[in-house]
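This briefing looks at a predicted model and is meant to be read beside the sequence and the structure shown below.

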Amino acid sequence: MSYSVTQPSVRQKWIAGILVIGYALITMLPLLWIIATGFKSSADSIAYPPKILFQPTVEGYVNVFTTQTRLSPELAEQPRDDLPWYEQLVRNKGNTIVGVSRYSERFFNSVIIGFGSTFFAIFLGTAAAYAFSRFKVPLKDDLLFFILSTRMMPPIAVAIPIFLMFRNLGLNDTHAGMILLYTAINLSLAVWLINGFIDEIPIEYEEAALIDGYTRFQAFYKVVLPQAATGIASTAIFCLIFSWNEYALAVLLTSGTAQTAPPFIPTIIGVGGQDWPAVAAGATIFLVPVMVFTILLRKHLLRGITFGAVRK
């Protein structure tokens, strides 16, 4: 029995293309609006009806990295031609820069905690997934279900016990505490996703390597790990996205030393109130590392989110 595959017509391809482009524009509209707001003035950012066409300015980006105060009327009337362009931009608004904001510090806290927890979740998850896939683990199915069940419960449901535990252990507002917490939360996802990829790798490859004189670790490192790279890369993206965007636990457990960017960005206040261009600028900058990380691993992402759909 033979089967024929009907190719889509030119019209169907055009309709599919239009639908995909339309869907992409709709989903990207909030992101584009945030980016555009970062280049608006304070007046344009709150204008009604909202302004689509506006005079671009980097005022928001200057504000997000600096702290400012109002100039006294006497100083405001004195012309200054020796100021850097960013100070002159602020001065034109009747303000003056008095220091550097804490946005950079909060941003690097996010980098340390986000990428640190992702590394440990992937490292421990890969080791656990390999053990579940290749060895006879007692109560394997029960243990896998227990690991998965920890992901079913929203983290905020155990926020108070975690807060009390961290306070007693001295882990409140520390990088180590947040990395440990996000690693624990991401570990169940890492184990299940990577376990699925390792199960797809024929065990005969490792047996052949062992016969050739490889140790178990060498067979894992040189045979299994390269073939599971797709799954590990896609799992790393999902783990990083959670750690990078997590808000509720970061608000509860950090306030100064280890505070990440998500709790800090909404608190950005200008001289006259909420500085929406600065908030949008901070959010835009905050998107860049995850976007770059995802683009670098994009070739692994499609197979990573569709693994198991087609098996040979």
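In this predicted model, Tyr103 and Phe264 are both buried. Both residues also belong to a single aromatic cluster, whose other members are Phe65, Phe107, Phe108, Phe115, Trp244, Phe286 and Phe293.

**Aromatic pairs**

- The structure contains 15 aromatic pairs, and one of them joins Phe39 to Tyr61, whose ring centres are 5.1 Å apart and whose planes meet at 40 degrees, so that the pair is classed as tilted.
- Because Phe39 lies in the loop between α1 (10-37) and α2 (42-45), while Tyr61 belongs to helix α3 (residues 59-64), this pair ties together parts of the chain that are 22 residues apart in sequence.
- The two partners fall into separate accessibility classes: Phe39, with 32% relative accessibility, counts as partly exposed, whereas Tyr61, with 19%, counts as buried, since the limit for that class is under 20%.
- Tyr103 and Phe264 form another tilted pair, with 6.5 Å from centre to centre and 40 degrees between the ring planes.
- Tyr103 is part of helix α6 (residues 103-134) and Phe264 is part of helix α14 (residues 261-264), and the pair therefore ties together parts that are 161 residues apart in sequence.

**Charges over rings**

- The charged end of Lys40 sits over the ring of Trp33, at 4.3 Å from the centre of that ring.
- A further arrangement of this kind involves Lys222, whose charged end sits over the ring of Tyr214 at 5.4 Å from the ring centre.

**The second largest pocket**

- The second largest pocket has a volume of about 460 Å³, and its lining is made up of 20 residues, among which Thr150, Ile162, Leu181, Ala184 and Ile185 lie nearest the centre of the pocket.
- Helices α7 (140-152), α8 (159-169) and α9 (175-200) each supply at least two residues of this lining, and α9 provides the largest share, with seven residues.
- By residue class, the lining of the second largest pocket consists of 17 nonpolar residues, two polar residues and one charged residue.

Note on methods
Residues numbered from 1 in each chain as written. Predicted model: local features only at pLDDT ≥ 70, side-chain atom pairs only at ≥ 80, totals over all residues. Heavy atoms only, no water. Phe/Tyr/Trp six-rings, centres within 6.5 Å; stacked < 30°, edge-to-face > 60°. Helix = DSSP H or I, 4+ residues; strand = E, 2+ residues; numbered from the N terminus. Buried < 20%, exposed > 50% of the residue type's maximum accessible area, 1.4 Å probe, protein only. Lys NZ or Arg CZ within 6 Å of the ring centre and 35° of its normal. 1 Å grid on protein atoms, 1.4 Å probe; cavity = no way out; pocket = protein on both sides within 12 Å on 5 of 7 lines; lining within 4 Å. Points joined across faces, edges and corners; volume = space filled by probe spheres on them. Nonpolar A, V, L, I, M, F, W, Y, C, P; charged D, E, K, R; others polar.
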